[in-house]
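Subject: Structure handover

Hi there,

Here is the structure I promised to pass on to you.

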Amino acid sequence: MIDAILARADNGVIGVDGQLPWHLPADLKRFKALTMGRAMVMGRKTFESFPSPLPGRRHIVLTRDRDWQAAGAEVAYDADSAITLAGPQAAVIGGAEIFALLLPRIERVELTEIHAAPEGDAVVPPFTGWQETWREEHSPDGDRPAYSFVTLLRPAADR
């Protein structure tokens, strides 16, 4: 099953200047748990936003730049190649262009809904029509906004 794993603000923002516009340790812990031991499919900018490759995971980087390479990255130049490299348990982790490109192949979304509207330059539209199968609410804490962990499945008619 191909999953999308992301945090998305109420206004659709997922990033600003190559970074998350919030810091939620529980979201980072969940991301680690959901991706550990898996192949992650991402765009070049997402890969370059990491200080180094994340341990315990494969990094499949989808890029149009045929000359790009980086230590710890397996490079793919099209969606089919990226999914083939990643295998059947791929975790699509961003950015916005990669989510849009691979959305027809994604079967489950592990979403952190950030209940805020930060400024940002990377936006993902809502997952309209997807079936919510699980939700866990979290209250705001200091300067950290409220958030919800949500699991969405592609509608049965679209599978």
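Predicted model: local features only at pLDDT ≥ 70, side-chain atom pairs only at ≥ 80, totals over all residues.

The largest pocket holds about 1,300 Å³ of space. Its lining is made up of 46 residues, and those nearest the centre are Lys 45, Thr 46, Ser 49, Gly 94 and Gly 95. Several elements give two or more residues to that lining: β1 (3–9), β2 (13–15), α1 (25–35), α2 (44–49), β6 (91–94), α4 (96–102) and β7 (108–114). Helix α1 gives the most, with six residues. By class, the lining has 22 nonpolar residues, along with 12 polar and 12 charged ones.

Thr 46 belongs to helix α2, and it counts as buried because its relative accessibility, 16%, is under the 20% cut-off. Leaving out residues up to four places away in sequence, Thr 46 touches Ile 93, Gly 94 and Gly 95. Those two glycines are joined to each other by a cis peptide bond, with omega at about 0 degrees. Gly 95 itself sits in the loop between β6 and α4.

As a general background, nonpolar side chains in soluble globular proteins tend to be buried together. Here, the largest nonpolar core has 27 residues, and the ones with the most contacts inside it are Leu 6, Val 41, Val 92, Leu 102, Ile 106, Val 109 and Phe 127. Two or more residues of this core come from each of β1, β3 (39–43), β4 (58–62), α3 (79–86), α4, β7 and β10 (147–153). Another core, of 12 residues, lies apart from it and includes Ile 5, Phe 47, Leu 54 and Trp 68.

Not counting residues up to four places away in sequence, Val 109 touches Ala 4, Leu 6, Phe 127, Trp 130, Val 150, Thr 151 and Leu 152.

Which aromatic residues pair up? The count comes to three aromatic pairs, and one of them is Phe 127 with Trp 130. The ring centres of Phe 127 and Trp 130 are 5.8 Å apart and the planes stand at 80 degrees, so this pair is edge-to-face. Phe 127 is buried, at 13% relative accessibility, and Trp 130 is buried too, with a relative accessible area of 13%.

A few single residues

Thr 112 lies in strand β7 and is buried, with a relative accessible area of 1%. Setting aside residues up to four places away in sequence, its contacts are Leu 6, Ala 7, Arg 8, Asp 27, Arg 30, Tyr 147, Ser 148 and Phe 149. Thr 112 and Ala 76 are 36 residues apart in sequence, and their C-alpha atoms are 27 Å apart in space.

Asp 141 is placed in the loop between β9 (131–138) and β10, and at 52% relative accessibility it counts as exposed. Asp 141 and Leu 24 are 117 residues apart in sequence, with 9.8 Å from C-alpha to C-alpha.

Lastly, have a look at Asp 17, in the loop between β2 and α1. Asp 17 is exposed, with a relative accessible area of 65%, and its phi is near 50 degrees, a positive value in a residue other than glycine.

How values were computed: Residues numbered from 1 in each chain as written. Heavy atoms only, no water. 1 Å grid on protein atoms, 1.4 Å probe; cavity = no way out; pocket = protein on both sides within 12 Å on 5 of 7 lines; lining within 4 Å. Points joined across faces, edges and corners; volume = space filled by probe spheres on them. Helix = DSSP H or I, 4+ residues; strand = E, 2+ residues; numbered from the N terminus. Nonpolar A, V, L, I, M, F, W, Y, C, P; charged D, E, K, R; others polar. Core = buried A, V, L, I, M, F, W, Y, C linked by side-chain atoms within 4.5 Å. Buried < 20%, exposed > 50% of the residue type's maximum accessible area, 1.4 Å probe, protein only. Contact = heavy atoms within 4.5 Å. Phe/Tyr/Trp six-rings, centres within 6.5 Å; stacked < 30°, edge-to-face > 60°.
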